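Let's take a walk through a structure, one piece at a time. Have a look at it first, then read on.

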Amino acid sequence: MTAAEIPIASQPSPDMSARRAPAGAAALSIEGVSHSYGARRALIDVSFDVAPASFTALLGLNGAGKSTLFSLITRLFGIQAGRIGIFGHDISRAPGEALRLLGVVFQPRTLDLDLSVTQNLLYHAALHGIGRREARLRSGEVLARIALSDRAGSKVRDLSGGQMRRLEIARALLHRPRLLLLDEATVGLDVKARSDILNHVRQLVSEQGIGVLWATHLFDEITASDDLVVLHQGKVLARGQVSRVIADTGAQDINTAFMRLTGAVGKVGSEAS
Amino acid sequence: MSSITVTPSRRGFSFGEYVTCLNGIVWREALRFLHQRERFVSALVRPLVWLFIFAAGFRQVLGISIIPPYETYILYEVYIAPGLMAMIQLFNGMQSSLSMVYDREMGNMRTLLVSPLPRGYLLFCKLLAGTAVSLLQVYAFLVIAWLWDIAPPPIGYLTVLPALVLSGLMLGALGMLISSGIKQLENFAGVMNFVIFPMFFASSALYPLWRVQEGSPMLYYVCQLNPFTHAVELIRFALYGQINWISLGVVAGCTAVFMIGAILAYDPSRGLARRGPAGGET
């Protein structure tokens with residue numbers, strides 16, 4: 001199935017207008033965040049913003065600190081230094097308010113393989129306090145959007161990798177968040193499935209006004225109009241619109257720009273697809 | 001860099017949201033349990049082996065005098081039935097914790113922990129869900145025991161329920177507390193051996209404590225200090241429509257201490273941090 005076949009956002013959520021961000025509010029605000037595993041420093045004074053209704057790519061090699069940052073944003077790790085805010089809600093001081101506005105797709109699969117597609121969605125809805133009737137309604141909607149209605153009763157372990165990822169994205173949107181985090185969501189998928197998922201997420205940005213932070217190490221997932229944060233060895237080396245970052249480094253493309261920023265010529269060759 | 005504008009997000013959670021969350025977690029745990037038929041069968045086989053084989057063999061060796069709550073001489077099978085009910089809960093509590101370690105390693109636990117509801121409440125729901133599953137097992141055991149002529153008063157099936165909930169929570173909280181200190185799944189089997197067997201054997205589950213005292217005064221005191229002993233006695237008395245107040249106090253106190261300890265000690269980063277630097281997920 002191509003992305004064009006996925007009828008995304010044909011029915012915007014009823015409370016969407018109320019969920020529009022006021023001017024000036026960052027969907028995600030990272031300020032001076034540092035994190036260490038014992039003596040090893042995984043993040044060093046990381047700061048950047050993700051604007052509402054924007055697609056921000058968090059680009060970094062494996063081990064750059066992307067997943068650590070995601071664990072901090074989702075409160076799986078305690079914040080050692082700095083501050084993280086979601087639409088102005090401090091994740092440490094008001095975690096409930098912040099997490100309500102957040103949807104997340106982690107790098108490893110977090111679906112329950114023994115439950116059906118619908119059961120996974122209902123479980124997620126319950127964790128957000130959404131009643132069974134409303135949850136069934138929303139599940140039907142999101143499954144239709146990702147063209148998985150016919151697999152609603154199937155066990156998750158019987159789905160393909162691409163279908164599982166789409167289901168995880170649908171699940172992350174079930175409680176109608178305004179910020180979506182995706183941590184290397186296309187890892188291990190074939191080219192077509194990757195393209196479908198990427199297009200699906202971009203449509204969420206343009207049609208539903210969701211802010212997206214897309215962690216990746218693949219250059220071909222980034223376009224010139226995206227916002228970009230380059231994370232390398234725990235530090236932010238560059239941030240801004242991709243075309244601006246490319247221009248600032250005097251490079252011709254994002255690949256070369258990244259190499260110039262990180263000096264990771266040998267490594268990048270194997271990461272670029 | 002800092003954003004001064006705050007987008008409204010509803011504060012707090014309604015009672016209905018808390019109940020929905022609890023229902024969802026219990027429902028998911030029950031579904032998983034029912035999908036794993038082997039787990040259900042093995043959970044029943046274990047106490048039934050003790051009941052049908054061990055108790056039949058020891059019936060002639062171990063005489064039971066009239067001790068509260070019993071009002072007459074009883075068969076050994078009748079005596080150990082409450083101990084076996086508690087044993088089901090002990091194994092279930094540890095197994096639930098095992099599944100939490102597994103979920104933490106596999107990443108499923110993240111689904112639970114990114115819920116906006118308070119983390120302590122989520123873990124409490126998880127404990128309650130494990131307890132609900134143990135109740136299914138215990139009542140299935142009671143049905144089979146009834147066919148074996150172990151028949152407490154009919155009201156006992158009802159009065160034992162709160163005791164089972166409390167003891168299930170205590171043992172589940174203990175399991176969660178233990179699992180908080182476990183860095184990886186492989187370490188859990190050893191801990192099971194150091195917890196389950198000593199707790200079970202150094203208790204009143206298999207023999208009355210006055211018998212133990214005759215054999216070893218030291219062991220008698222160990223048994224008295226063992227919270228599992230009090231879980232067994234709480235269940236035993238409740239099954240006959242009575243309350244053992246000392247056991248109730250000990251089990252309630254231990255439940256509170258274990259639960260608070262488990263919630264405070266629970267560190268979701270334990271499994272993740274281990275996998276992070278090593279597994280490339282950083």
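This is a predicted model: local features need pLDDT of at least 70, side-chain atom pairs count only at pLDDT 80 or more; totals for chains, interfaces and linings use all residues.

Chain A has an average pLDDT of 84, and 88% of its residues reach at least 70.

Now for the hairpin. Strands β1 (residues 28–37) and β2 (residues 40–50) of chain A run antiparallel and are joined by seven bridges. A:Leu28 sits opposite A:Val50 in β2(A). Two residues lie between the strands, and A:Gly38 in that turn has a positive phi of about 65°.

On to the helices, with their buried residues listed here:

| Helix | Residues | Buried residues |
|---|---|---|
| α8 of chain A | 254–262 | A:Ile254, A:Ala257, A:Phe258, A:Thr262 |
| α11 of chain B | 245–265 | B:Ser247, B:Val250, B:Val251, B:Cys254, B:Thr255, B:Phe258, B:Met259, B:Ala262, B:Ile263 |

Looking down the axis of α8(A), you'd find its buried residues within an arc of 115°, so they line one face of the helix. An α-helix has 3.6 residues a turn, so residues three or four places apart point the same way. Just after α8(A), A:Gly263 has a positive phi of about 65°.

What do the buried residues of α11(B) pack against? Their partners are α5 (119–147), α6 (156–180) and α10 (227–239) of chain B. As for length, α11(B) has 21 residues and at 1.5 Å a residue should span 30 Å, which agrees with its end C-alpha atoms being 30 Å apart.

How values were computed
Residues are numbered from 1 along each chain as its sequence is written. Chains are lettered from A and ligands numbered from 1 in the order in which they are written. A residue is buried if 20 or more other C-beta atoms lie within 10 Å of its own, exposed if 12 or fewer, and partly exposed in between; C-beta atoms are placed from the backbone. Helices (H or I, at least four residues) and strands (E, at least two) are DSSP runs, numbered from the N terminus. The arc is that of the directions from the helix axis to the C-beta atoms. pLDDT is the predictor's confidence in each residue, from 0 to 100. The expected span of a helix is 1.5 Å times one less than its number of residues. Two residues are in contact if their C-beta atoms, placed from the backbone, lie within 7 Å. Two strands pair if DSSP finds at least two bridges between them.
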